[in-house]
Number of protein chains: 4
Amino acid sequence: MTKPYKLVSREFKQENTHINVGDAVFGNESLPVIAGPCAVESEKQVLAIAKSVKNAGAKLFRGGAFKPRTSPYSFQGLGKKGLIFLAKVRKETGLPIVTEAMDVENFDLVEEYADILQIGSRNMQNFSLLKRAGTSDRPVILKRGMSATLQEWLMAAEYILEQGNRNVILCERGIRTFVRHSRNTLDFSVVSAVKKESHLPIIIDPSHAAGVRDQVTPLAYAAAAFGADGVMIEVHNHPEKAMSDGAQSLYPEQFLTLMKKMTAIHTIVAKK
Amino acid sequence: MTKPYKLVSREFKQENTHINVGDAVFGNESLPVIAGPCAVESEKQVLAIAKSVKNAGAKLFRGGAFKPRTSPYSFQGLGKKGLIFLAKVRKETGLPIVTEAMDVENFDLVEEYADILQIGSRNMQNFSLLKRAGTSDRPVILKRGMSATLQEWLMAAEYILEQGNRNVILCERGIRTFVRHSRNTLDFSVVSAVKKESHLPIIIDPSHAAGVRDQVTPLAYAAAAFGADGVMIEVHNHPEKAMSDGAQSLYPEQFLTLMKKMTAIHTIVAKK
Amino acid sequence: MTKPYKLVSREFKQENTHINVGDAVFGNESLPVIAGPCAVESEKQVLAIAKSVKNAGAKLFRGGAFKPRTSPYSFQGLGKKGLIFLAKVRKETGLPIVTEAMDVENFDLVEEYADILQIGSRNMQNFSLLKRAGTSDRPVILKRGMSATLQEWLMAAEYILEQGNRNVILCERGIRTFVRHSRNTLDFSVVSAVKKESHLPIIIDPSHAAGVRDQVTPLAYAAAAFGADGVMIEVHNHPEKAMSDGAQSLYPEQFLTLMKKMTAIHTIVAKK
Amino acid sequence: MTKPYKLVSREFKQENTHINVGDAVFGNESLPVIAGPCAVESEKQVLAIAKSVKNAGAKLFRGGAFKPRTSPYSFQGLGKKGLIFLAKVRKETGLPIVTEAMDVENFDLVEEYADILQIGSRNMQNFSLLKRAGTSDRPVILKRGMSATLQEWLMAAEYILEQGNRNVILCERGIRTFVRHSRNTLDFSVVSAVKKESHLPIIIDPSHAAGVRDQVTPLAYAAAAFGADGVMIEVHNHPEKAMSDGAQSLYPEQFLTLMKKMTAIHTIVAKK
């Protein structure tokens, strides 16, 4: 079978794509860590979390200003105000900002503030959004849809590359299975499969896969051991009061331990 | 557990919602059938198919002018020209038109031509699109996402109702499972579950679930027998030359037989 | 790809296998119905149910004497005493008996009493049991494993045929998916796929797929409409007191209505 | 909801169960590795592999003499002769033997030769086999069924404990999902969930989950990082000539590297 994708394929480009953002490089066998809360809640909150995750070794800060929520009655994010708080984080800590663009309408605005634009699982096949992201000069994190095949995911990335933007970072965040003891099932094998088929970097988000805090840490260690090109972790200074995803957010001190062990694991695995 | 949805729930509205479009009513225990090709390819094509499906008893015509495609290199639809051809079909046959709105950008345009707006599986949680659909005065067919739970689907409908549009028709089109002998697995039980939880009508699309022609007919009979509020079928005058979904499109003469038996089955099941 | 199965394939035997048991034929486009309780609980219980299902038109009686149960602390069946009660049912009503053989150890005993031996989902790849069933002169109902592919299922049947027993009836009873609104998801498409690949008859068990009573009836209508070679239904005279599967067992009066409509649907579908 | 299991639960026994076999301990936060070929093919083969895996640091040797195979036409194992070869391996290398018991019929025989009895995925709910294993004085490795929930799995273990055998080692080997880029999807989260619910040790088998060699090594590193109580790996001296599972078997030199890195990762993770 001929492969349906072109630009994302190893056939098209043999060497790994390296994507540089701030101090971080995705795709060069380092392990940059993106950390922060699910949602931006206040200036004070993001600054406090950013300082603690930077101190622990995170290279980028994440936080949502526009939140796609299953329910129309849930907190939908602070919008532009949230983006302004994120800019403050960047200014004060030097950490580049990763934040989600939910739709074409607000893309320009989010693009103005973000260092990396995130496209969420639910939007993996929002083709208009993908095309818009393809015209951006910012790198894009493209999360895998909850039941996307490898091919569908790479084709979604192809939409972005085809418009000119070659800086796509794939992010595995768990797939939907029959399992009920975790929110989703993290599919580690897809990391191998992506690296075989494509030159694009692929990172792992254990927080959304797990849905519960005590699974996040071992999944993050496993991600480092597996050879992912980065890890994205939800951290909150007061998880019990978080406006979203509190149950799966790490406490800052948990994150500190996690960073130390992840780094040590990565060193072993990366050694030739 | 309190239910997260409000407006879509049976608690909020006990009697079934009836949605009238042309001669068809969705939700009153009749079995309106929507038929037509996956994509509008030419004026001649849609007129030919429309006449034959009308003759067989279909109450509405379907055809895509904007096509969400897995690959950026696949046929993406005729766009506005396709909508104009659909308007011609309505004028010549009297059949109301069902067609997909893929994004907010083209929503106004599609709304101008469509009698029912369709939101596809991949967009089930495109919340910006749902909100825009909620301000429309046209009924909306909301297809279930490929791995959406009952609750996620009803919450997506809630986004539309919450904006004011109470005319949502849910459409089951198969879920993603481990199975490889069909494209997706049609989840009949969700029809029972929806009717229990919600007052909204629910129809079945056997064509996308099957992915192969010889499964479409028995699945359509099963849909009629199960008590769905309608069925949506892909029919093409030259399936072997179709620009998309040819393998699962029925020939007009197959559709004619199908309509006769579906109608007879529906009569038996609807009898008190 | 060459197919791994031989004896079960259409290539090996083109015409449908017909399996005659009592008044019923499986595989000749009729719709024999097997009905009865999940478990044999008492002589009085099985006789009462058997009379009522016979009266409604069922052709065979089902009931478990050896019950494979998820928990070692659940009711495990009456064993030999249950088989004796089933023999009584056959004597009094003339209905052939379908009952499960759980293991090789008790196979001889069950074989002595059963007209059709059932192999359950959990035992679909219990190869020793399959081989033993292959030496029996009784027809075998082979239920599909909860996550079995078409090929694995046909290969399991191949184990039986390969030992000499050519009378295997396949039974679809729902697959495990991410869905939570029903116990399992009934995979209707597999009926088409089996009929294409194999000459063996295939029946549907909506009771185990649904797990809740109100989904059983519409699934049974759908099974008749789809063209299954038979249907197996759980019926209990006092479902609320049943020792297993009460929640999904029909009341005798529900079964009576169901039989009438299923028969009418089957007549329509079977008509050339 | 009250929990349906008793003896396997943390409520019943708070401290971890430690299972000692040869030099290995399962459940004490060490990482014993079981290695060897899928099937015993010859005395020479098993001796060669056993020496090389022992040399690399494996604590136990695995190899199947009775093989449950999807097809009746596939190699079914050497039977008793295979067991005799395994005994030779134990005598020459001192490695305890892990081998599968497929049915009650051959259980006595397998029990005579094995140090640990394995019950395979397809037999996870073969209740007669579980009961027989419950009367054995040998530890049992109970593999998770391909679509078993946490609860079903623990209930299967309960069957064994309930008969008196308290030495059960659970083994996660991948679950069936919609994914096609690996044979199964390894469910790491279940390790956390098991440790929370039960005192029994749980090991990981990356070979069967992956189905392809290049995914086995990173999955094994991830298993060590996640905190599993052991790892089971398929190793073959000539994978390309293996009579079963060649595609997923490691070469001895790959296994050597894997052992070094796994051990180093385990040291980091185990450190308090």
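Entry 1: I began at Gly57(A), which follows H1(A) and has a positive phi, near 115°. A reminder to myself: this is a predicted model.

**Entry 2: H1 itself.** Next I went back along the helix. H1 of chain A runs over residues 43–56, 14 residues in total. From first C-alpha to last it reaches 20 Å, close to the 20 Å expected at 1.5 Å a residue.

Which residues of H1(A) are buried? I found Gln45(A), Val46(A), Ile49(A), Ala50(A), Val53(A) and Ala56(A). They cover an arc of only 125° around the axis, so they sit on the same side of H1(A).

I then looked up the packing partners. The buried residues of H1(A) pack against strands E3 (33–36) and E4 (60–62), and against helices H2 (80–93) and H9 (252–270), of chain A.

**Entry 3: chains A and D.** I laid chain A on chain D: a turn of 180° with a shift of 0.0 Å along the axis does it, at an RMSD of 0.0 Å. This is the relation of a two-fold axis. In chain A, Ala222(A) has the C-alpha nearest the axis, 2.0 Å from it. Both copies use the same surface, as 100% of the contact residues of chain A recur in chain D.

**Entry 4: chains B and C.** Here the contact takes 34 residues from chain B and 34 residues from chain C. On the chain B side, helices H6 (189–197), H8 (213–226) and H9 (252–270) each supply at least two residues. Which helix gives the most? H8(B) does, with nine residues. By type, I noted 20 nonpolar, 10 polar and four charged residues on the side of chain B that touches chain C.

Definitions and conventions:
Residues numbered from 1 in each chain as written. Chains lettered and ligands numbered in written order. Predicted model: local features only at pLDDT ≥ 70, side-chain atom pairs only at ≥ 80, totals over all residues. Helix = DSSP H or I, 4+ residues; strand = E, 2+ residues; numbered from the N terminus. Expected span 1.5 Å × (residues − 1). Buried ≥ 20, exposed ≤ 12 C-beta atoms within 10 Å, placed from the backbone. Arc of directions from axis to C-beta. Contact = placed C-beta atoms within 7 Å. Least-squares fit on C-alpha atoms with pLDDT ≥ 70 in both. Nonpolar A, V, L, I, M, F, W, Y, C, P; charged D, E, K, R; others polar.
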